[in-house]
Structures are given as structure tokens and as C-alpha cells.
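Subject: Structure handover

Hello,

Here is the structure for you to open. My notes on it follow below.

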Amino acid sequence: MGAAATTAKQPLAEVDIKNEIGVLYGKEAQQAFAAAKDDDVVAWPKVQAYAEAHGLLDPKAVLFKNLRQFKIAREQIEAIYDEHFTGAVRDIPWRGEDLCDVRRQCALHGAPAKTLDELYAVAEKAFISFAVALTAACPDGAVVKLAPLKGLARAAAKARNEYAKNTAPATSWLFDVVRGSVMCATEDEIVRLYAALDKDPRVDVVRTKNRFNPPCFNGFVFLSSNCARVRRRRYRDILMNVAVRVQGEAREIVHLCELQIHHAPIKQSEPMHKSHVTYEFFREYFLGNADAVERRLNMLCALPVDDAENVDDLVGRVLGSDRAKNKTLLLELVKLLESIAEHASAVRVREKVLEIMERKYGSDHHKVAGTLRDLGFAYGSLGDAAKKRDFLVRALAIFEREYGCDHAKVAYTLTDLGDAYRVLGDNAKSRDVLERGLVIEEREYGRDHVKVVVTLECLGNAHGALGNKAKARDFLERALAIKEREYGRDHALVASALTNLGIVHGSLGNYAKQRDLSERALVIFEREYGRDHPNVASVLANLGSAHGSLGDDAKKRDLFQRALAIDERVFGSEHTAVAATLGGLGNAFFSLGDYAKARELYERALAIKEREYGRDHVQVASTLTNLGLAHGDLGDYAKARELYERALAIEEREYGRDHVQVASTLNNLGLAHGDLGEAAKACDLYKRALAIKEREYGRDHASVALTLTNLGKACNALGDSTKARDLSERALAIFELGSEHARVAITLDNLGSAYIALGDAAKARGLLERALVINEREYGQDHVKLAETLMNLGVAHGELGDATKKRGFLERALAIFEREFGGDHRHALSCRRNLGR
């Protein structure tokens with residue numbers, strides 16, 4: 001749907017639907033809501049069905065329809081204005097556009113209010129003074145409305161979301177705790193009200209936005225020659241901040257109050273209602289304060305909206321007209337496009353800006369370098385890291401020539417370039433570039449300056465990708481500490497640091513820490529951006545990974561499904577961001593035993609990555625590995641081996657033969673060879689993987705235990721049951737430092753097989769029974785993961801002379817093998833042989 005484009009599939013209240021579709025929530029939609037609601041909400045399937053039938057599922061289409069209605073409503077409001085106004089109201093001046101530090105709201109002690117309690121203690125007194133002055137100033141016939149003090153929760157959210165970057169404390173920037181409005185029937189009443197307030201010694205008019213007479217802007221709203229058009233795009237009212245005085249502890253305190261002056265025929269009109277509804281829709285969509293939303297709406301309305309079919313068509317019409325010569329216009333337009341995730345259109349506009357700059361200054365001028373950098377960043381947002389790198393390399397060369405190799409502008413570009421190399425998989429290059437940038441920034445600003453943060457985070461990510469997780473953690477913890485000190489614990493920029501740090505903790509095996517950090521980040525992002533923002537999708541994926549690593553794969557699946565819905569809406573179904581989420585969702589289904597669904601998701605992800613990066617890119621390798629695992633568990637071991645071999649070749653070329661990432665793929669390739677009956681080859685691969693992991697993690701790491709388990713199984717297949725037993729017992733000792741997880745069951749099963757081969761069937765039975773209990777708890781009674789344990793347990797009971805239990809376990813195993821792999825599978829044949837068939 002529209003502004004929030006819900007993906008949670010939860011019931012929606014009427015206000016949620018209004019925010020989703022704006023002015024499209026007309027009488028028909030209202031009637032449909034009334035008919036479908038249950039306890040004041042409508043179930044998602046009913047919402048979805050209505051949205052599909054009425055073309056409301058495409059958020060960009062909903063945006064454009066609201067924009068057209070908004071423009072129509074504004075033009076109708078203008079007609080009402082022309083009918084009722086003669087021009088006297090235009091003499092009311094605009095005053096004090098910006099409220100700076102000296103105007104901050106103070107507590108009774110005279111210093112800026114640090115808490116809402118301090119602010120509201122003054123506001124309660126100011127309310128009385130404001131009411132007295134406003135009532136005295138109102139002409140006969142005008143209607144005064146004094147609102148209650150702004151709700152504490154809304155005030156806290158506004159301070160946190162809109163003023164966190166202002167001079168602290170954020171609460172001191174709240175100028176609308178005391179609020180009122182006056183409804184005037186005529187232009188004359190508006191003029192007389194303003195004059196009375198302006199002359200009243202009890203109040204000071206600090207700021208006036210006379211939107212009955214909006215000024216001409218040649219900055220953020222087009223050209224001065226278009227002023228007549230611009231005036232016709234804004235609200236028609238007056239918004240004021242007036243200061244009243246109250247007695248403080250030692251002196252008089254000035255407190256700012258907010259006043260709106262309305263014209264009744266405009267305010268009460270249907271066009272004004274539609275304008276307000278669409279304004280609220282766009283406020284949800286743009287996620288900005290009132291001024292930012294209005295600026296963007298004015299920008300859109302001044303464009304040829306009436307003739308365009310969608311945003312992309314609109315951009316094409318702008319670029320094909322004389323408007324494309326106005327760099328200021330284009331830069332504001334691109335900010336707007338980026339705010340609504342129209343990255344492809346944003347790139348088109350930035351390319352036009354580059355064309356203008358190069359024509360004016362030449363391709364190597366220092367003023368062009370910034371444009372090149374911005375265009376590179378736009379390509380990065382579009383998912384084209386190669387073009388991002390190329391434009392940043394051009395910008396870097398200009399900055400180095402112009403300012404020298406150690407200038408702060410060079411460092412800024414190095415940081416962006418390092419991130420581009422990381423996305424392209426060249427993590428060593430990324431690290432080197434970022435380290436160079438960090439040296440410059442630390443010398444320029446100091447180790448703990450906020451301007452160092454981005455480079456610290458990128459450098460942490462680079463070290464993490466290179467396998468140095470502890471170093472990655474250290475860089476990211478430095479970044480988090482700086483952000484929390486600079487912005488507070490609940491700022492959106494802190495959430496991004498929490499997310500990155502959580503990923504590293506997960507890679508170090510501290511999944512509970514990853515979960516806790518991700519949950520903190522999710523709360524912040526959902527409050528800051530809403531539930532359906534791409535930043536929310538990213539943290540949902542990380543939180544899902546943490547839950548999966550802690551054993552809750554159903555929770556992981558649910559979180560990744562939410563993330564995928566967001567990514568597909570924002571980026572489209574073929575974007576690289578979607579490929580990453582598909583991979584994570586595939587992993588969840590794989591862990592839940594739905595290998596066919598996992599394979600389907602991995603194949604989608606692989607197709608996107610191969611098209612985007614090429615068949616032999618490092619970004620492709622991980623998806624090849626995951627797809628190989630799915631094929632292996634579906635019984636297609638030859639296909640699994642083929643995919644692992646492709647992944648191994650890429651990783652060895654990228655990282656070298658002894659990298660820890662290579663060890664993981666060696667382990668998987670060993671599994672495929674083992675399943676194909678090639679135990680000697682499997683054994684060699686496991687030994688290579690084991691040597692790398694022991695060097696990287698130490699002898700007692702869970703990842704080492706996993707390879708020990710597989711190596712033990714290969715040794716058992718080669719007839720070395722003693723070696724198999726020793727390896728499996730070592731693995732079991734490591735795993736049992738944790739809990740009875742499914743990995744313990746694998747090791748118990750392998751150890752049981754070794755004891756069977758060594759003639760100790762009683763010992764084998766005990767181990768296999770433990771494995772079966774774990775597997776049944778993890779997967780249920782008939783999962784493929786149980787089949788080998790059931791088969792081995794049947795063999796053990798046979799060795800102990802219990803023919804009934806032998807037959808029962810073997811028949812259970814055979815049924816699973818035949819269902820999953822067919823009757824000709826080697827394990828199915830083994831079960832039949834043991835059953836004497």
C-alpha cells in the first residue's frame with residue numbers, strides 16, 4: 001500500500017489505512033472499512049483484497065495519486081482565497097524565520113529546560129498569560145480555541161526525533177507545548193487580530209509565517225520568475241510563535257507559544273480537508289518535520305505533475321525541459337527522490353547535475369569532484385557498487401591534486417571508496433583505503449570525534465569480512481561509544497552501530513549479545529522510520545539470524561519474511577538487497593527442514609547475484625554453498641559437489657587456500673564426496689579444513705568440533721573405527737560445553753557408528769538413543785535428519801539380539817529414506833539389506 005506500505009500483515013485501524021492511502025480513503029473505502037471492521041480493526045486479508053481490487057498495493061502509484069489530488073486541492077483553495085481576499089492580509093510581514101539557540105525554552109531557574117517536567121512547569125504558567133492576551137486581541141466574531149498542553153508522549157517523541165541534533169537539551173526546542181488557534185470569518189478580522197497582538201506589550205511576536213502571502217524563493221523552490229506559481233502551492237493561514245512572560249525563580253522567563261490564524265471559508269472547505277489528508281499522508285511518507293514536508297510538497301506541485309504517469313515519467317519531463325538547466329532545482333529534486341527511495345531517478349538527475357558542472361568548470365575542477373562523489377553515492381544506493389567506485393576514484397584524484405593527499409576532503413572520499421570496495425568483495429583493498437582515511441581523520445579531529453565514526457564502522461566491517469572478527473568488534477565498539485555520547489542511546493545513528501556490532505558478536509559466537517543489540521536497534525528504527533523501512537528490514541534480518549543461531553528457526557523465518565516483504569517493496573524483486581534477504585530466509589527454511597523451499601529461495605538469490613556480479617564473483621560463492629547444502633539434503637549429491645567446487649574455486653582465488661572461509665567450503669565439499677561414497681576424498685578435505693579452523697579458532701571451538709565430527713564419519717567409512725571414535729569423542733566433549741543441540745546429535749550418531757564397528761553395540765545403543773531424543777525434539781518423528789540415527793540404532797539392536805526393535809527402527813528409517821530420496825538411494829538399500837529383503 002502507500003505511505004507505510006505495511007508488511008506485517010496485522011489488522012489495521014482506520015487511522016492506519018488513512019495514513020497508508022491518504023486522500024484515496026474516500027467514501028467507498030470508508031464504507032468498506034465499516035462493513036469489514038471487527039473491534040475497530042480490519043484483518044489484513046480483507047485489507048489486502050480491497051487494496052488489490054482498487055490498485056492500492058503499489059506505494060509509488062498511491063503516492064502519485066495523492067500528489068495529484070494535493071495539487072488539485074491547493075488550486076481549489078487558491079480559488080477560494082481569490083474570492084474572499086482583497087490584499088490587505090499581504091501586508092502582514094514574515095518575521096524571524098529561524099528560531100536559534102537564544103530562543104530556546106527555559107526552566108523556572110532560567111537555563112534551557114533539560115526535562116519535560118521543567119518545561120511544563122513554565123508552560124502551565126505561560127498558558128494563562130497566552131490565553132489572556134489572545135482573548136483580548138480577538139475581534140468580535142472570531143473564535144478562539146486553546147488546546148490543552150501538548151501530550152507528554154508526543155512532546156518526548158518530537159524532541160527525540162526532530163531536535164536530537166540541535167544544541168542540547170532537545171526538550172528546549174519544543175515551541176508548541178502551549179498552542180492555540182483563532183478562526184476568522186473575514187480578511188479584516190485577520191488583519192485586526194495580528195495588529196492587536198503586535199501592539200500588546202504583554203506579548204512579543206517572535207516569528208510569523210504569513211502563508212496568505214508566501215515569499216518568493218529562488219533556493220529550495222524553483223526560480224524567482226516562477227513566484228506566482230509558487231505562491232499558489234502553499235497553505236493559506238498564518239502560523240506564529242508569540243512570547244509571553246512568566247515569573248521564574250529569580251527573574252522573568254520568556255516562553256514561546258504557537259498560534260495559528262485560520263480563514264473560516266478556507267479552513268472549513270472540502271479542498272482544505274483533502275489537502276490536510278494528503279499532507280498527513282506525505283508526512284508519513286517523507287518522515288520529516290512540517291517544514292521539510294511542506295518544502296518537498298511545494299517542489300512536487302511545481303513540477304508538471306498533471307501530465308506525468310509516475311515519478312519516473314515526471315523526472316523525464318523535467319530533464320527534457322528548460323527546468324533541467326537549473327542546478328539548484330535539480331539538487332532539491334534529487335534530495336526528494338532519494339527520500340522516497342526513487343534511486344534510479346535520482347541517478348538520472350545527478351548525472352544531469354554532473355553534465356552542468358562539467359560544462360561550466362571542466363571535468364577535473366575541484367567543484368566537480370563533489371558532484372562526482374555524490375553521483376557515486378547515488379549509484380551505491382542503486383546497488384551499482386562498480387560505478388560508485390569509478391566515480392569516487394575520479395573524485396579522489398581531483399581532491400588529492402587540489403588539497404593534497406592528507407586533507408579531510410580526501411579522507412571523506414576514502415571512506416566512501418573503501419565501502420564501495422567492500423561491497424565489491426575486495427575487502428583487503430577496502431581495509432587499506434579505510435585505514436588511510438582513518439589516519440587523516442584522527443589527526444584532523446581526534447580519536448573520539450564524531451567525524452571519525454563512519455570510517456571506524458566501515459573499517460570494522462572490512463576486518464569482519466576478512467575474518468578478523470575481534471578487530472572488527474573493537475572498531476565497532478569505538479564507533480558505538482562515540483555515537484552514544486554524541487547523540488544519546490536511542491538515536492537512529494546509534495541503532496545502525498548496534499546493528500553492525502551485533503553482526504560481529506554473532507560471528508564470534510555470542511548470539512545472545514547479537515540478539516540483544518539487534519532488539520535495541522529494532523526498537524529505535526521502528527520508532528524513527530516506521531515498521532516498513534529498509535533500515536528496519538536490515539535489522540530484522542540480523543535479529544532473525546541471531547534467533548536462528550540460538551535455535552529458534554521459526555522465529556528466524558518469520559523475521560526474514562517480514563524483511564523480504566520490505567526489501568521487495570522498496571528495491572524491487574531483482575535487487576541485490578533482496579538477494580541477501582532471500583539467502584537468509586532460505587537458511588531459515590533449511591534449518592526447519594524444508595529443503596525444497598530453501599533451494600527455491602537460494603536459486604532466486606543466485607540468479608540475481610550472477611546477473612549483477614558475474615558467475616565468478618565472491619558475492620556468488622556463499623549462495624553457491626547454500627544451494628549446494630539444499631541439493632545435498634534433497635539427495636542430489638553430485639549437484640551439491642558441483643556447486644561446492646565452484647564456490648571453493650572462487651574463495652581460494654579471493655582469500656587464499658588457508659582462509660577460514662575456505663575451510664567452511666572444504667567441509668561442505670567433504671560432505672558431498674562422503675555422500676557420494678568417496679570417503680578418502682572427503683577425509684582429505686576435512687583434514688585441510690580442520691587445520692585451518694584449529695589455527696583460526698583454537699582446538700576447542702564449536703566449528704572445530706563440527707569438522708571433527710565429519711572427519712570421524714569419513715574415517716569410519718574407511719574402516720578406521722578407532723580413529724573415528726577418538727575424533728567423535730573429542731567433538732562431543734567440545735559440543736557438550738554448550739547444550740544438547742542438533743550438532744551434538746550428529747556427533748553422537750557418528751560415535752555410535754564407530755562403537756558398532758568396534759563391536760561395542762551396547763555403548764553404541766546408548767549414544768544413538770541420546771541422539772534420537774535430541775533429533776526428535778528438534779525435528780519431529782519423521783524428519784529426514786532422524787533417518788540415519790534410526791538406521792544405526794536398528795543395527796545396534798540387531799547386534800544385541802533384539803530383532804523386534806531392529807526391525808522397527810530400520811522400517812522407520814527405510815520409510816523416510818524412500819519418501820525423501822527414492823528406493824534406490826544407498827541408505828534405503830542398506831536398510832533393506834539389514835532387514836533381509
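Rings of Phe, Tyr and Trp (its six-membered ring) pair if their centres lie within 6.5 Å. Planes under 30 degrees apart count as stacked, those over 60 as edge-to-face, and the rest as tilted. By that rule the structure holds 7 aromatic pairs. Please keep in mind that this is a predicted model.

**Aromatic pairs**

Take Tyr 81 and Phe 85 to begin with. Their ring centres are 4.6 Å apart and their planes meet at 15°, so this pair is stacked. Tyr 81 and Phe 85 are both buried. Phe 212 joins them: ring pairs link Tyr 81, Phe 85 and Phe 212 into a cluster. Tyr 81 also has a charge over its ring. The charged end of Arg 236 sits there, 3.8 Å from the ring centre.

Another pair is Tyr 379 with Phe 391. Here the centres are 5.6 Å apart and the planes are at 5°, so this pair is stacked too. Tyr 379 belongs to helix α15 (residues 366–382) and Phe 391 to helix α16 (residues 385–403), so the contact ties together parts that are 12 residues apart in sequence. Tyr 379 has 6% relative accessibility, so it counts as buried. Phe 391 has 16%, so it counts as buried as well.

There is also a charge over a ring elsewhere in the chain. Lys 597 lies over the face of Phe 589, at 5.9 Å from the ring centre.

**The sheet**

Now the strands. An open sheet of 5 strands runs in the order β3-β4-β7-β6-β5, with mixed pairing. Which strands stand at the edges? They are β3 (143–146) and β5 (203–210). Each has a single partner strand, so one side of each is left without a neighbour in the sheet. From one strand to the next, the twist averages 25°.

Strands of a sheet pair through backbone hydrogen bonds, either parallel or antiparallel. Going across from β3:

- β3 and β4 run antiparallel and are joined by 4 bridges. Lys 145 stands opposite Ser 181 in β4.
- β4 and β7 run parallel, with 6 bridges between them. Ser 181 has Gln 260 as its bridge partner in β7.
- β5 and β6 (residues 238–247) pair in the antiparallel sense over 7 bridges. Thr 208 stands opposite Met 240 in β6.

Helix α5 (residues 116–137) packs on this sheet. The helix touches β3, β4 (179–184), β5, β6 and β7 (252–263). Its direction makes about 110° with that of β6.

How much of β4 is buried? The count is 5 of its 6 residues, so β4 is largely enclosed by the rest of the structure.

Helix α15 has 17 residues. From its first C-alpha to its last, α15 reaches 25 Å, close to the 24 Å expected at 1.5 Å a residue. Its buried residues include Val 368, Leu 372, Leu 375 and Tyr 379. An α-helix has 3.6 residues a turn, so residues three or four places apart point the same way. After α15 comes Gly 383, with a positive phi near 95°.

Helix α34 (residues 761–779) has 19 residues. The reach of α34 is 26 Å, close to the 27 Å expected. Buried residues in α34 include Ala 761, Ala 764, Leu 768 and Leu 772. Gly 780 follows α34, and its phi is positive, near 100°.

Asn 161 is found in helix α6 (residues 152–162). With a relative accessible area of 30%, Asn 161 is partly exposed. What does Asn 161 touch, not counting residues up to four places away in sequence? Its contacts are Arg 527 and Glu 528. Gly 635 is 474 residues from Asn 161 in sequence and 53 Å away in space, C-alpha to C-alpha.

**The whole chain**

The chain has 37 helices and 7 strands. Of its 837 residues, 49% count as buried. The C-alpha atoms fill a box of roughly 105 × 70 × 60 Å, taken along the principal axes. Among contacts in the chain with a separation of 6 or more, 65% come from residues 24 or more positions apart.

Best wishes

Conventions
Residues are numbered from 1 along each chain as its sequence is written. This is a predicted model: local features need pLDDT of at least 70, side-chain atom pairs count only at pLDDT 80 or more; totals for chains, interfaces and linings use all residues. Side-chain values use heavy atoms; hydrogens and water are left out. Two strands pair if DSSP finds at least two bridges between them. Helices (H or I, at least four residues) and strands (E, at least two) are DSSP runs, numbered from the N terminus. Axes are lines fitted to C-alpha atoms, for helices over the stretch in contact, and angles run from 0 to 180 degrees between N-to-C directions. Contact means heavy atoms within 4.5 Å. Buried means under 20% relative accessible area, exposed over 50%, partly exposed in between (1.4 Å probe, protein chains only). A charge sits over a ring if NZ of Lys or CZ of Arg is within 6 Å of the ring centre and within 35 degrees of the ring normal. The expected span of a helix is 1.5 Å times one less than its number of residues.
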